[in-house]
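Okay, thanks for coming, everyone. Let me put the structure up and then walk you through it.

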Amino acid sequence: MADTSNGKTTFSSFRADKTAKICVLGHRGLVGSAIVRKLREIGFTNLLLRTHSELDLTRQNDVESFFAFEKPRFVILAAAKVGGIHANNTYPADFIAINLQIQTNVIDSSYRHGVQKLLFLGSSCIYPKFAPQPIPEHALLTGPLEPTNEWYAVAKIAGIKMCQAYRIQYGWDAISAMPTNLYGPNDNFHPENSHVLPALMRRFHEAKVNGAKEVVVWGTGSPLREFLHVDDLADAVVFLMESYSGLVHVNVGSGKEVTIKELAELVKEVVGFEGQLIWDSSKPDGTPRKLMDSSKLAELGWTPKVSLKDGLVDTYKWYVENVKQ
Ligand SMILES: NC(=O)c1ccc[n+]([C@@H]2O[C@H](COP(=O)([O-])OP(=O)(O)OC[C@H]3O[C@@H](n4cnc5c(N)ncnc54)[C@H](OP(=O)(O)O)[C@@H]3O)[C@@H](O)[C@H]2O)c1
């Protein structure tokens, strides 16, 4: 809806003006690329995109000049240094410094150059290691973090707090969304440092192609995990840009738990690997359960649409067509 009461046309609704300049940072990553697909699908025509090599977001002067010149109306911050336990343990300085630099530069420059609304993306690792399950938003900062990724988590918590502080001090519309484990097109299928779902997909695919008789997976398969297709996350991001302007960050999950065993069986079926799946129970299992409480988002009116099976079919299709075998 357009409001011209102050002589200046402003739009109360994110979706109202499809020509609005929307800056999506990290647009070649798993999350950013899904957000770009979604925005294009619903008709946005003026997307402002920069690759890492075109604009290094850790460089304050460059970020400042970019925002001063481009003056986007909306910003979605999906650029970050991300990685698994091994990468976090090996490069703790990079994980804390690069993420703090990216988000501080982007949030502050966005505010100072007139961005109407910004959405910051974090992750479920912000919550304490022993948070209640499912994890509600108010569990933030109630206990010690998981030590293996605390560098990353501390940076992400600072991002949430920065959005809150700018809202309180300046009345600026900055919000934060905390997604659960995501998967989908453009995921990282690297043989050593990918998340559980793409790692399983790659292993079953390679076993199928090589005619292997079995695939051995670490652990018992009993831990419970939650997965959300990245297209659902992108839909939730648009929903939050449109409908939410609160102080508290918002969890974004599917609300559905599966055991790693159920997940592995489903990936095996989708890939079409006909050999045996063997569990090596001498290897560690990891946290027994990790589920986000996404009831706040449900109460706001958003629900996920992509089933795990359909999401896996879509992801495998992308993998076969795009990942160098
Ligand atoms: N994947 C998940 O399961 C998951 C779950 C919850 C939350 N999230 C959150 O979603 C956000 C995006 O994650 P993702 O999985 O999409 O990660 P991703 O696939 O690695 O994408 C991150 C993007 O950020 C860009 N980037 C990194 N450093 C940059 C810099 N200094 N300047 C400019 N661009 C830079 C990367 O470009 P280059 O590759 O060229 O460096 C890449 O395009 C993160 O905040 C993450 O915490 C992800």
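So, to begin with, what pLDDT does the chain average? This is a predicted model, and the chain average is 94, with 96% of the residues scoring at least 70. The stretch to watch is residues 1-10, where pLDDT is below 50. Beyond near neighbours in sequence, that stretch makes ten contacts in the model.

Okay, on to the ligand. Which residues are closest to the ligand? They are Gly26, Gly29, Val31, His52 and Ser123, out of 22 residues that surround it. Two elements give two or more residues to this shell: helix H1, residues 30-41, and strand E8, residues 181-183. H1 has the largest share, with three residues. By class, the shell is eleven nonpolar, eight polar and three charged.

Let's stay with H1 for a moment, and look at its packing against helix H7, residues 230-243. The two axes are 8 Å apart, at an angle of about 65°, and the crossing is right-handed. On the H1 side, the contact uses Leu30, Val31, Ala34, Ile35, Arg37 and Lys38. Over on H7, the partners are Val230, Asp231, Leu233, Ala234, Asp235, Val237 and Val238. That contact has nine nonpolar residues, no polar ones and four charged. And notice Val31 again: Val31 is among the residues closest to the ligand, and Val31 is also in the contact of H1 with H7.

Next pair: helix H4, residues 92-112, and helix H5, residues 150-170. How far apart are the axes of H4 and H5? They are 8 Å apart, and the helices pack at about 15°, so H4 and H5 are roughly parallel to each other. H4 passes H5 in a right-handed crossing. From H4, the contact includes Pro92, Phe95, Ile96, Leu100, Ile107 and Tyr111. Among the H5 residues they meet are Trp151, Tyr152, Val154, Met162, Cys163, Tyr166 and Tyr170.

H8 brings Leu266, Val267, Val270 and Val271, and H10 brings Leu308, Lys309, Leu312, Val313 and Tyr316. That works out as eight nonpolar residues, no polar and one charged.

Before I stop, two spots in the backbone. Pro134 sits in the loop between strand E6, residues 117-121, and H5. The other spot is Lys71, a residue other than glycine with a positive phi, near 45°. Lys71 is in the loop between helix H2, residues 60-70, and strand E5, residues 74-77.

Definitions and conventions. Residues are numbered from 1 along each chain as its sequence is written. This is a predicted model: local features need pLDDT of at least 70, side-chain atom pairs count only at pLDDT 80 or more; totals for chains, interfaces and linings use all residues. Two residues are in contact if their C-beta atoms, placed from the backbone, lie within 7 Å. Helices (H or I, at least four residues) and strands (E, at least two) are DSSP runs, numbered from the N terminus. Ala, Val, Leu, Ile, Met, Phe, Trp, Tyr, Cys and Pro count as nonpolar, Asp, Glu, Lys and Arg as charged, and the others, Gly among them, as polar. pLDDT is the predictor's confidence in each residue, from 0 to 100. A residue is near a molecule or strand if its C-beta atom, placed from the backbone, lies within 6 Å of it. Axes are lines fitted to C-alpha atoms, for helices over the stretch in contact, and angles run from 0 to 180 degrees between N-to-C directions. Angles under 35 degrees count as roughly parallel, over 145 as roughly antiparallel, 65 to 115 as roughly perpendicular and the rest as oblique. A crossing is left-handed if the near helix is turned anticlockwise from the far one by less than a right angle, and right-handed if clockwise.
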